Amino acid sequence: MPIPPSDVWFEPGRAARTAPFGLTLLDCFRLECQGRALAAPQAVSRLLAFIGVRGRASRAELAGSLWPEASESKAHACLRTTLWRLRQVCADPVVIGSQVLTLAPEVEVDVVEFVGTARRVLSPAGAPALITAGELLPGWYDDWVLFERERLRQLQMHALEAAATKLIAMDRHADAIEAALAAVRLEPLRESANRVLILAHLAENNVVEAVRCFEGFRASLLRELGVAPTAGLRHLALGGLVPTNP
């Protein structure tokens, strides 16, 4: 089944929101109602961010993750207080549930939008959207934030590589190169990202560009890590050419 064409770029939160509430977690934290920002205390922001990223969480998980230094009883008391404060920020239900809490259906979350698009790109029949997304909650250094930040970064890189591969197969070479370059910008020392960029150049017979990419990647690897690219990547980029010194 052929892959249908798609928009070149996808940016979470770029389209107008259709739900009453919006929760932005990429590049910043922002809670809004009908386009108007709502001021939330720090504890409320952390609660909403945790549920927004995880999708759902038990009271025990929330208490232990958000107040790790407190005793169990104190952490649960802090959670109850934070839920009460959330009701002062907004009278409408934003978080619902009893023992397991989730965001109300009326809340749109940019992370959920991003993850859904990335997973569609990664599916075999998914259209190749070139995903760009900001950093998850910049300036936040909780353990759970650091873990989720890296998870989303890895997901974005895999989606960009998949999009570039599909665009090569569709002979959309310029878009493929753009997607591959976005993946390389995220992680310049990632061989799979550089491989798909080289493949995109080779697909439109730009051998010089492919070799230039390989040589730049090899120099960066040697300078930063003291290692060389794999023999497979070297053969891909330099096949049929006089090999350079390792």
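A disulfide is counted here where a pair of cysteine sulfur atoms lies within 2.5 Å. In this predicted model, the count by that rule comes to zero. The two cysteines tabulated here show why: the sulfur of C28 is too far from its closest counterpart for a bond, and the sulfur of C33 is likewise too far from its own closest counterpart.

| Cysteine | Closest cysteine sulfur | Distance |
|---|---|---|
| C28 | C33 | 17 Å |
| C33 | C90 | 5.5 Å |

The largest nonpolar core holds 78 residues, among which L25, L48, L62, L103 and W144 touch the most other members; its largest share, 11 residues, is supplied by helix α5 (residues 143-169). Apart from neighbours within four places in sequence, L62 makes contact with L47, F50, I51, A57, W67, L79 and L101.

Helix α6 (residues 173-186) comprises 14 residues and spans 20 Å from its first C-alpha to its last, close to the 20 Å expected at 1.5 Å a residue. Its buried residues include H173, D175, A176, I177 and V184, and the elements covering the buried residues of α6 include β1 (9-10), β9 (130-131), α5 and α7 (191-203).

The mean pLDDT of the chain is 91, and 91% of its residues reach 70 or more. Over residues 1-5, however, pLDDT stays under 50, and the model has 13 contacts beyond four places in sequence for this stretch; residues 242-246 also have pLDDT below 50, with eight contacts beyond near neighbours in sequence. Where pLDDT is low, predicted coordinates should not be read in detail.

Technical notes
Residues are numbered from 1 along each chain as its sequence is written. This is a predicted model: local features need pLDDT of at least 70, side-chain atom pairs count only at pLDDT 80 or more; totals for chains, interfaces and linings use all residues. Side-chain values use heavy atoms; hydrogens and water are left out. A nonpolar core is a set of buried Ala, Val, Leu, Ile, Met, Phe, Trp, Tyr and Cys residues joined through side-chain atoms within 4.5 Å. Buried means under 20% relative accessible area, exposed over 50%, partly exposed in between (1.4 Å probe, protein chains only). Helices (H or I, at least four residues) and strands (E, at least two) are DSSP runs, numbered from the N terminus. Contact means heavy atoms within 4.5 Å. The expected span of a helix is 1.5 Å times one less than its number of residues. pLDDT is the predictor's confidence in each residue, from 0 to 100.
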